[in-house]
Amino acid sequence: MSQTCNLPEEANLWNVHEAYTIVATQRGARRDFQKKLAMKGVEVVEFDMLNPRDVMSYCYDRGYLSVLWECGGTLSAAAISARVIHKVYAFCAPKIIGGVTAPTPVGDLGMNQMTQAIDLIDVSYEQIDRDMLMSGFIQPIPDLSPVIPSADEIPSVDPEVSPYETNIISFYKTWDTFGAFSNFSPHPIDMPDEKGDCLTWPTVEHYYQAHKFVGVDNPQANDIVQEIKQARSPEEAARIGRTRQREFPELIRPDWESMKIDVMYRALKCKFSTYAHL
């Protein structure tokens, strides 16, 4: 993000062979430089007024479910004020810096008293070399508790679970503030294959899309499974799985329609069992 597009002419960021780069800027900023970026394969998106909320809305429209903000104090304060930041990662180094001109990790939030400070919840700490990494979620978190349906409305797809337990909540295509419910959330899962060997899948979506082709006696189907498993993101895995399904319907496992709910359920159960804090 840069309002004036005051960015270096040469940077590793402009190498789009390894990762795609998008520059968000204010309309009309350095049009000649924008053309140079376009020639390098960089996409430039202009906003009438560049601000964190509009940028996040744009990312949402593009299908991005998780965005990491790495920025200075001015932009971090604007993003927090715009309520688009849900979780904070802060490094504390064993160093002291002082003075009125010393840089701060978060700019002016309009708070002058400790009673106005933003509290973090579900805080965790991790030592990395000589530094300490602290992470936590910003309050307030909206009430995301769904209504618990009656017992006769709860379908049981797991023989180990009684459908009449009132603490079981059914949900379909739901979402939460931090994306933990999503098939696309960045939580690897370990699942057994047909031989009983345990394999690690980057996300639930990787596992789900690949299992459209698992067990099919065809080398091309096996290649598609590996292609999906190696996808660099869940969005890419979903795109590959759906595209290959349209292109090669004959390679889809014959029991997919009857098994896909069970496949998804096993993957989600594994995720929530592995990551109990979710």
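1. **Ground rules.** The model is predicted, so local features need pLDDT of at least 70 and side-chain atom pairs count only at pLDDT 80 or more, while totals for chains, interfaces and linings use all residues. Residues are numbered from 1 along each chain as its sequence is written, and side-chain values use heavy atoms, with hydrogens and water left out.

2. **The buried side of α2.** Helices are DSSP runs of H or I with at least four residues and strands are runs of E with at least two, numbered from the N terminus. In helix α2 (residues 52-61), Pro52, Val55 and Cys59 are buried (under 20% relative accessible area, with exposed meaning over 50% and partly exposed in between; 1.4 Å probe, protein chains only). These residues sit on the same side of α2 because they cover an arc of only 65° around the axis, taken from the directions from the helix axis to the C-beta atoms. Their cover includes β1 (22-26), β2 (43-47) and α3 (73-81).

3. **The other face and the ends of α2.** Tyr60 and Asp61 are exposed, on the face turned away from the buried side of α2. At the start of the helix, a side-chain oxygen of Asn51 comes within 3.2 Å of the backbone nitrogen of Arg53. Just after α2, Gly63 has a positive phi of about 95°.

4. **The second largest pocket.** A pocket here is an open set of points on a 1 Å grid over the protein atoms alone, where a 1.4 Å probe fits, with protein on both sides within 12 Å along at least five of seven lines; lining residues have an atom within 4 Å of a point. The second largest pocket is lined by 38 residues, and Tyr20, Tyr64, Ser66, Val67 and Leu68 lie nearest its centre. Helix α2 returns here: β1, α2 and α6 (234-247) each supply at least two residues of the lining.

5. **Thr243.** This residue is found in helix α6. Thr243 counts as buried because its relative accessibility is 17%. A polar atom of the Thr243 side chain lies 2.7 Å from the backbone oxygen of Arg239.

6. **Pro202.** Look for Pro202 in the loop between β7 (198-201) and α4 (204-210). Pro202 is partly exposed, with a relative accessible area of 30%. Pro202 and Pro188 are 14 residues apart in sequence, yet their C-alpha atoms are 4.3 Å apart. Leaving aside neighbours within four places in sequence, Pro202 is in contact (heavy atoms within 4.5 Å) with His187, Pro188 and Lys229.

Technical notes:
Polar contact = N/O pair within 3.5 Å; in protein donor to acceptor, adjacent residues only side chain to side chain.
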